[in-house]
Amino acid sequence: MVEKYKISKQYAIGDLVINLFPLELFDGCKIKEDSIGLVVGIVGPSLHLDGYDYMVLINGREIFFFEKELSLFKKGEDK
């Protein structure tokens, strides 16, 4: 019998989120803290991506994030 995984995540595909920490990517691209991104993927346990939770489109790039590195962007909220 195959056990099915139940994925319970805080954010859904299509949510706008704010990254809580600055990032510098391998190619030198810098993502500033408080940049707004769009959740475009939820990482399931079968992908084996070192515990990452989400794929977020931010500054034109798809970047993997842990849930604790993001916050929900709320309409009317100042960054």
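A salt bridge is a side-chain nitrogen of Lys or Arg within 4 Å of a carboxyl oxygen of Asp or Glu. The model examined here is a predicted one.

**Exercise 1. Salt bridges**

Determine how many salt bridges the whole structure holds, and describe what each pair ties together.

Solution. 

Step 1. A search of the whole structure gives two salt bridges.

Step 2. One of them joins K9 and D53, whose closest N and O atoms are 2.7 Å apart. K9 belongs to the segment before β1 (16-19), while D53 belongs to the loop between β4 and β5 (54-58), so this pair ties together parts that are 44 residues apart in sequence.

Step 3. The accessibility of the two partners is then compared with the cut-offs: under 20% relative accessible area counts as buried, and over 50% as exposed. K9 is partly exposed because its relative accessible area is 27%. D53, with a value of 15%, is therefore buried.

Step 4. R61 forms a salt bridge with D27, and here the closest N and O atoms are 2.7 Å apart. R61 is located in strand β6 (residues 61-65) and D27 in the loop between β2 (23-24) and β3 (30-31), so the pair ties together parts that are 34 residues apart in sequence.

Step 5. R61 has a relative accessible area of 31% and is partly exposed, whereas D27, at 51%, is exposed.

Step 6. In general terms, side chains of opposite charge can pair when their charged atoms come close.

**Exercise 2. The sheet**

Solution. 

Step 1. At one end of the order, β5 and β6 pair in the antiparallel sense over five bridges. Within this pairing, V56 stands opposite I63 in β6. The hairpin of β5 and β6 has two residues between the strands, and N59 takes a positive phi near 55° there.

Step 2. β1 and β7 run antiparallel and are joined by three bridges. The bridge partner of V17 in β7 is L72.

**Exercise 3. The surroundings of D15**

State where D15 is found and which residues it touches.

Solution. 

Step 1. D15 is found in the segment before β1. Its relative accessible area is 24%, and D15 is therefore partly exposed.

Step 2. Leaving aside residues up to four places away in sequence, D15 touches G37, L38, V39 and L72.

Step 3. D15 and K74 are 59 residues apart along the chain, and their C-alpha atoms are separated by 9.7 Å.

**Exercise 4. A nonpolar surface patch**

Which residues make the nonpolar surface patch, and which strand gives the largest share of it?

Solution. 

Step 1. The patch is made by L16, I36, L38, V40 and L57 and covers about 330 Å².

Step 2. Strand β4 (residues 36-42) supplies the largest share, three residues.

Step 3. L38 has its place in strand β4. Its relative accessible area is 32%, so L38 is partly exposed. Membership of a patch requires over 30% relative accessible area.

Conventions. Residues numbered from 1 in each chain as written. Predicted model: local features only at pLDDT ≥ 70, side-chain atom pairs only at ≥ 80, totals over all residues. Heavy atoms only, no water. Patch = residues over 30% accessible without salt bridge, like charges linked within 9 Å, V, L, I, M, F, W, Y side chains within 5 Å. Areas by Shrake-Rupley, 256 points an atom, 1.4 Å probe, with all protein chains shown as cover. Helix = DSSP H or I, 4+ residues; strand = E, 2+ residues; numbered from the N terminus. Buried < 20%, exposed > 50% of the residue type's maximum accessible area, 1.4 Å probe, protein only. Pairing = 2+ DSSP bridges. Contact = heavy atoms within 4.5 Å.
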